[in-house]
Amino acid sequence: MSSNRAPKHQKRVSTAPFAAVASANAAVVAAPTGGGPQLVRGMRDVLPSEQAFWRRLYDASVQEFDVREFDRIETPILEEVSLFQRSIGKVTDVIEKEMYAFEDPGGARVALRPEATASVARAYIRHGMISLPQPVRVWYWGPMFRHDRPQAGRYRQFFQIGGEALGDQHPVIDAQLAGAAVAILRRVGLIPTMNINSTGCPVCRPKYIEQLVAYYRGRRSRLCEDCKRRLVRNPLRLLDCKEEQCTPLKEEAPQIVDSLCPECKEHFVRVLEYCDELEISYELTPSLVRGLDYYTKTVFELYLPNQEGRQDALGGGGRYDGLVELLGGRPTPAVGFSLGVDRIVNALKEKSAGEQSANGKGVKIFFAQLGEQARRQGLGIVERLRNDGIAVAEQFSKDGLKGQLERANRLGVLYTVILGQKEVLDGTLLIRDMEGGVQEIIDRKKVVEVLRKKLEGQQSVP
Ligand code: HAM
């Protein structure tokens, strides 16, 4: 098999996507303008203005995982350091440079999780999930920690959505997991493309690494300092190098797809065929090896195509057939993916810049009052509406009608309910249609019924 195979849905991926997003990110990492205590470097607050995007992505993930028979799993943020060292590999950036590892007050060596796949594998063994129908499909959403160099789209606390399927070696599962990752992104309106490769298995990978080392040894003097170290300690990582001086060497390096054993080759071909069936747009990427040592066979990363600038993956994943056994479980093939929530949210923000109203939750009713009596009676009315599940915005602490109507306009609500002095006296309410400006008077007792009817058939935002 050659890496030149032209897949049905192949799309050219720009070598430098993400410029537009980078500018959005710049705003995210910009120093807050107020004073007060400092944030720990690389940490950030997710402010109310961003929550609508987070919620949209979260809801889309829940919906996708629900229709694909995944169950939620929650693993601790704190795990033993050794779990990650054994899983991810000691000679990786994540373990060597980025892990928040420390001794807890009881003297145990613990770490803030840099990722969750190792924890899922641990939980699978610990809770005897091998006795459940296989594959066991689980998903998670939560914070991860890496002491990365903070920059646009790269934080020290970031969130991941992940899906893992343990206990099935069939290549169709690889394609289905990649498909689930793509489907989540599509559900929020992002159309990603996928870089894909096979990293072989313990049978074929050592032979490939020998070839790679032989190739690079002859060119050692042209390597960057990091790569000189990689050549000795973890040669596969040579293919990860982003330094300009190493790029030409990388392009000429032997490709692992040409060294795959028959089983890995067959597996990879079938994964690609299933991806075609699922209409996943992908590009064969011989240099893709990923930064975690547990992978075997399929690896993939997701990007937004046609964006200039920095190349930051929205997500990645692959097969890790040896991990459960490495951690002391029975041999259990597995495959999974994680998506970077923060980066996806940045992309969503960039995409909808200008479109998004201040009203992230899609509130359609504003309640405005005039005078103290109206304020008092209005409290009860708004409470009744909310108890009935109708979202209502208000500004009970304000007096003037003008300011309240301005806010209603800013929020883009459909109706404003007005309780003035006259309405207080005669037990009515005014309902103003914000689009047409038409006002109608209704009996106050019927407010829930009338508004519910008006809202029926309206689609929710966002
Ligand atoms: P990963 O490629 O290390 O894979 O991370 C997955 C995604 O998390 C990245 O593509 C990126 O979107 C996001 N991410 C990683 N580091 C940062 C950061 N410092 N700031 C913001 N976002 C970041 C894994 O973690 C594997 N556990 C994926 C997997 C699951 N493989 C199999 N199952």
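**Figure 1. Arg290 in the loop between strands E8 and E9.** In this predicted model, Arg290 sits in the loop that runs between strand E8 (282-284) and strand E9 (296-303). Its phi is near 70 degrees, a positive value in a residue other than glycine. Most residues other than glycine have a negative phi, and most peptide bonds are trans. Arg290 has a relative accessible area of 13%, so this residue counts as buried. Arg290 is also listed with the residues closest to the ligand.

**Figure 2. Lys297 in strand E9.** Lys297 belongs to strand E9. Although Lys297 is not a glycine, its phi is positive, at about 55 degrees. The relative accessible area of Lys297 is 8%, and because buried means under 20%, Lys297 is classed as buried.

Figure 3. The ligand is surrounded by 26 residues. The closest of them are Glu115, Tyr155, Glu164, Arg290 and Tyr295. In the side chain of Thr117, an N or O atom is 2.8 Å from a nitrogen atom of the ligand. Glu164 has a polar side-chain atom 2.8 Å from a nitrogen atom of the ligand. For Ser338, the distance between an N or O atom of the side chain and a nitrogen atom of the ligand is 3.5 Å. On its own the ligand has 660 Å² of accessible area, and the protein covers 96% of this. Strand E6 (157-166), strand E10 (315-319) and strand E11 (334-340) are the elements that give two or more residues to the shell around the ligand.

**Figure 4. The largest nonpolar core.** This core has 67 residues. Those with the most contacts inside it are Leu57, Leu190, Met194, Ile196, Tyr216, Phe337 and Leu339. Helix H6 (residues 171-187) supplies the largest share of the core, 9 residues. The core lies between domain 1 (61-202 + 260-351) and domain 2 (205-257), because both domains give residues to it. In soluble globular proteins, nonpolar side chains tend to be buried together.

Figure 5. Ile196 is one of the residues with the most contacts inside the largest nonpolar core. Leaving aside residues up to four places away in sequence, Ile196 touches Phe268, Val271, Leu272, Tyr282, Glu283, Leu284, Thr285, Leu288, Thr298, Val299 and Phe300. Another core, of 33 residues, lies apart from the largest one. Among the residues of this other core are Ala111, Val120, Tyr124 and Val324.

Figure 6. Val172 is placed in helix H6. With a relative accessible area of 26%, Val172 is partly exposed. Val172 and Tyr274 are 102 residues apart along the chain, and their C-alpha atoms are separated by 6.2 Å.

**Figure 7. The cis peptide bond at Pro135.** Gln134 and Pro135 are joined by a cis peptide bond, with omega about 0 degrees. Pro135 is in the loop between helix H5 (117-126) and strand E5 (136-145).

**Figure 8. Phe145 in strand E5.** Phe145 is part of strand E5. The relative accessibility of Phe145 is 8%, so the residue counts as buried. Not counting residues up to four places away in sequence, Phe145 touches Ile77, Glu98, Tyr100, Leu112, Arg113, Pro114, Arg156, Gln157 and Phe158. For Gln157, which is 12 residues from Phe145 along the chain, the C-alpha atom is separated from that of Phe145 by 4.6 Å.

**Figure 9. Helix H12.** Helix H12 spans residues 341-351 and is mostly covered, with 8 of its 11 residues buried. The buried residues are Val341, Asp342, Arg343, Ile344, Val345, Asn346, Ala347 and Leu348.

**Figure 10. The protein as the setting for the close-ups.** The protein contains 16 helices and 16 strands. Of its 462 residues, 52% are buried. Among contacts in the protein with a separation of 6 or more, 72% are between residues 24 or more positions apart. The accessible surface of the protein is about 22300 Å², and carbon and sulfur atoms account for 50% of it.

Conventions: Residues are numbered from 1 along each chain as its sequence is written. This is a predicted model: local features need pLDDT of at least 70, side-chain atom pairs count only at pLDDT 80 or more; totals for chains, interfaces and linings use all residues. Side-chain values use heavy atoms; hydrogens and water are left out. A nonpolar core is a set of buried Ala, Val, Leu, Ile, Met, Phe, Trp, Tyr and Cys residues joined through side-chain atoms within 4.5 Å. Buried means under 20% relative accessible area, exposed over 50%, partly exposed in between (1.4 Å probe, protein chains only). Helices (H or I, at least four residues) and strands (E, at least two) are DSSP runs, numbered from the N terminus. Domain bounds come from an automatic or database domain assignment. Contact means heavy atoms within 4.5 Å. A residue is near a molecule or strand if one of its heavy atoms lies within 4 Å of it. A polar contact is a pair of N or O atoms within 3.5 Å; within protein, one must be able to donate a hydrogen and the other to accept it, and residues adjacent in sequence count only if both atoms are side-chain atoms. Accessible areas come from the Shrake-Rupley method with a 1.4 Å probe; for residues, only the protein chains shown count as cover.
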